[in-house]
Amino acid sequence: IMLGLVLAFKLPAYFGTAPLTGWDTGGHAHLSQFYLQLFAHGESVGYDPNWFGGFPAFYFYPPAFYFFAAQLHTLGAPERLAFHLTVFGGILVFCYHYLRWFALFWPQRSDRLDPWLRAPLMLLLLCAYLGFAGDGLQGVSLIGVLNGTVVTIWGHAFCLATLCAVERMRQNRGEPWRAVLWLSLLFYTHTLSSAFCYLLLIVYLFASRTAGPGFLRSMALVFIVPLILAFPVLYNYFGYSAFINGRAIAQHYPALLSILGVEFIQRIQRAAPGFNLDALLHGIFWQGRWLILLLLAGAGYQLSRVLRLPRSARRRPLLVFGVLFPPLLLWLTQDTSLSFVLHPIGIHWYRLFDLFFAGLVLAGVLGIAHWLRALRQRQRAAAVCLAWALGLAATIQLIVWDPIRHEAYKSLQLNEYPDDVGELSAFLETLPPGSLILPEKIRDKNFFGSPHAFDHFIQEAGHRNALGLTIESAETPSLSYA
């Protein structure tokens, strides 16, 4: 509840009806409005004449996110407010499932002091992830949401929900249907995240290779049944992907540079030649990098702790999985050759960075937690006080940190770019209604905050856009880009 209030305080624009900027946000807003037209006629796919000169919408990009927004609109929320609330709700849903995932790693045997340790560490976990200050186009943290990865965060939430359901199934020898439903919903929400989830399930299955035949049969259902339930999504994906003009991008984000943040490195580089202690300390404490450095140390401690455990203890599936998947995902994000070798499947491997970072933060917090639990054996009060100091310090840092300023946006609202808005709107009114316009892509955040922001004004003026949000979001003939 407290974190929800903090986020509402930091992101008031998501509780209004003004159109928002953000790298891809406006494109998703357009898709949301078009989906409302389809939903009113009982449909979830259709032909949008206003993008790419006309394209089949939601055949390649599944519509569950926009379905959620349509439900809020049905309950009375205006179109844009329904979209904004769905975006904000995705942050909360992700945080909930991230905490559930963290709770599975917490030891089952506890005493009366455990809640006093666990609560501040949960704050540390969420604030460290949401306050990520690296490249926002990866989809990580509040920066990722501001830049328009609004569907991705829902996809990651359902991915974590699937993993939680599978672990609960293994612990309680339960039925697999909860995991099946979460994974099926993930297919209808974000296709790329569903592929990543299958990858994590394969790693989890490897970590659980000593489990009994009953668990393996349940896992077989988890793997197979969602593919059947998601048949419409898969049929459209494979049936229409031959027409897509997008290609798997051989891109990566330098890991340490992304984690520490570009401005931290730049400040040290701009300092005097040689080792500059002042610049280093300023970057660590004033720019908030102390938290990520602490988490890196905690992740290292967690890894060393696991390696020191007896071989019998290292056979616990969840423990093995928690150690295996962050390095694996890091490798997949950094090795650009995968996009060439595995080109036909069209997966953008660099987008795994956000799940890697979630795993890194989790490992760091778990390392800190185990160190505090060891300290508690000798200094109970000191361990609890230190845990709360870390949790509250991370919360204060998140409150003070301004992601809008960090991303160099003049504002999140398009109507607060008055000079540019007036001139552009006046020009568009001089064109014949329904004109097909090929806008220039200007990669300057001071110019409406997004290279896709032209689309909003083109649609408002009653014209059609010869381009759209992304090539990957829809099947578009190559002629559109000739």
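I started at serine 32, which sits in helix H2; helices here are DSSP runs of H or I with at least four residues, strands are E runs with at least two, and both are numbered from the N terminus. This is a predicted model, in which local features need pLDDT of at least 70 and side-chain atom pairs pLDDT 80 or more, while totals for chains, interfaces and linings use all residues. Residues are numbered from 1 along each chain as its sequence is written, and side-chain values use heavy atoms, with hydrogens and water left out.

Is serine 32 buried or exposed? I found serine 32 buried, at a relative accessible area of 3% (buried is under 20%, exposed over 50%, partly exposed in between, with a 1.4 Å probe and protein chains only). Beyond its neighbours within four places in sequence, serine 32 contacts Tyr66, Ala69 and Phe83 (contact means heavy atoms within 4.5 Å).

Next I looked at H2 (residues 25-40) against H3 (residues 64-74). They pack at about 65 degrees with axes 9 Å apart; axes are lines fitted to C-alpha atoms over the stretch in contact, and angles run from 0 to 180 degrees between N-to-C directions. From H2, I noted His28, Leu31, Ser32, Tyr35, Leu36 and Phe39, which meet Tyr66, Phe67, Ala69, Ala70, Gln71, His73 and Thr74 of H3. That contact splits into 8 nonpolar, 5 polar and no charged residues (nonpolar is Ala, Val, Leu, Ile, Met, Phe, Trp, Tyr, Cys and Pro; charged is Asp, Glu, Lys and Arg; polar is the others, Gly among them).

Then I checked H9 (residues 191-207) with H10 (residues 213-229). Their angle is about 170 degrees and their axes are 12 Å apart, so H9 and H10 are roughly antiparallel (over 145 degrees; under 35 is roughly parallel, 65 to 115 roughly perpendicular, the rest oblique). H9 brings Tyr198, Leu201, Ile202, Tyr204 and Leu205 to the contact, and H10 brings Phe215, Leu216, Met219, Val222, Phe223, Pro226 and Leu227. I get 12 nonpolar residues there, no polar and no charged.

Which residues touch the most other members of the largest nonpolar core? Tyr98 and Trp101 do, in a core of 138 residues (a set of buried Ala, Val, Leu, Ile, Met, Phe, Trp, Tyr and Cys residues joined through side-chain atoms within 4.5 Å). Helix H18 (residues 353-376) gives this core its largest share, 15 residues. Not counting residues up to four places away, tyrosine 98 touches Leu125, Leu126, Tyr129, Leu160, Ala358, Val361 and Leu362.

Last, the overall tally. I have 22 helices and 4 strands, and 54% of the 482 residues count as buried.
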